[in-house]
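Please read each point with the structure open beside you.

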Amino acid sequence: MYFEKPGKENTAKTVELALAAAKEAGISTLVVASGSGETARYFQAAAEQGIQVVVVTHANGYKQPGGQEMPPVVRQELEACGMKVVTTTHVLSGAERGLSTRLGGVYPIEIMAHTLRMLGQGTKVCVECAVMALDCGAIQPEPVVCVGGTGRGADTAWILRPAHAQDILSTKLDRLICKPILS
């Protein structure tokens, strides 16, 4: 499915399509990008029914030094219904963005991130979050349904097979579920 424009107004439909695709493909693990926890809340019923939902937050310090965007009470709420919440360094920016910001220039990981954005910001987020979840042991190296977005909310979902960061080019985007048309 293609949405006319990106944004959080597509969240409910993206969640519906992602859950249906997971069921159809026999996939029991969903990786969900959620900075504040708002998007993750859409998956609470699925988690309570035994579907493995791994929520990947923004890294600590993303908005302000030492700060975490997801409030502790929301994290506890998500974990209480069976979700795993992962907070770690962004695999497609992290230290490399710090170097390019300070020293100028373009580095390989940034080129990869911008190339993925050619398919949409949500596609880049899906790849990044799945690799982050795999690297910290929250998921296994097998097909997952990954949900990401453009800014707030969700507007993109893929079935993909993540690889660890050290082998990121072996990540496979198997099936597009939904994404916005890019302007």
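1. The radius of gyration is taken over C-alpha atoms, and the globule rule is 2.2 Å times the number of residues to the power 0.38. For the 183 residues here, that rule puts a compact globule near 16 Å, and the protein chain agrees because its own value is 15 Å. Along its principal axes, the C-alpha trace spans about 50 × 35 × 30 Å.

2. This is a predicted model, in which local features need pLDDT of at least 70 and side-chain atom pairs count only at pLDDT 80 or more, while totals for chains, interfaces and linings use all residues. Residues are numbered from 1 along each chain as its sequence is written, and side-chain values use heavy atoms, with hydrogens and water left out.

3. The protein chain has 7 helices and 7 strands, where helices (H or I, at least four residues) and strands (E, at least two) are DSSP runs numbered from the N terminus. Read from the N terminus, the elements follow the order β-α-β-α-α-β-α-β-α-α-α-β-β-β.

4. Buried residues make up 48% of the 183 residues in the protein chain; buried means under 20% relative accessible area, exposed over 50%, and partly exposed in between (1.4 Å probe, protein chains only). Contact means heavy atoms within 4.5 Å, and among contacts between residues at least 6 apart in sequence, 60% join residues at least 24 apart.

5. Thr-123 lies in helix α7 and counts as buried because its relative accessible area is 0%. Its side chain makes a polar contact of 3.0 Å with the side chain of Trp-158, a polar contact being a pair of N or O atoms within 3.5 Å, where within protein one must be able to donate a hydrogen and the other to accept it, and residues adjacent in sequence count only if both atoms are side-chain atoms. Not counting residues up to four places away in sequence, Thr-123 touches Leu-116, Thr-156, Trp-158 and Leu-173.

6. Leaving aside neighbours within four places in sequence, Arg-75 is in contact with Thr-57, Met-70, Val-85, Val-86 and Thr-87. The C-alpha atoms of Arg-75 and Val-55 are separated by 9.4 Å, although these residues stand 20 residues apart along the chain.
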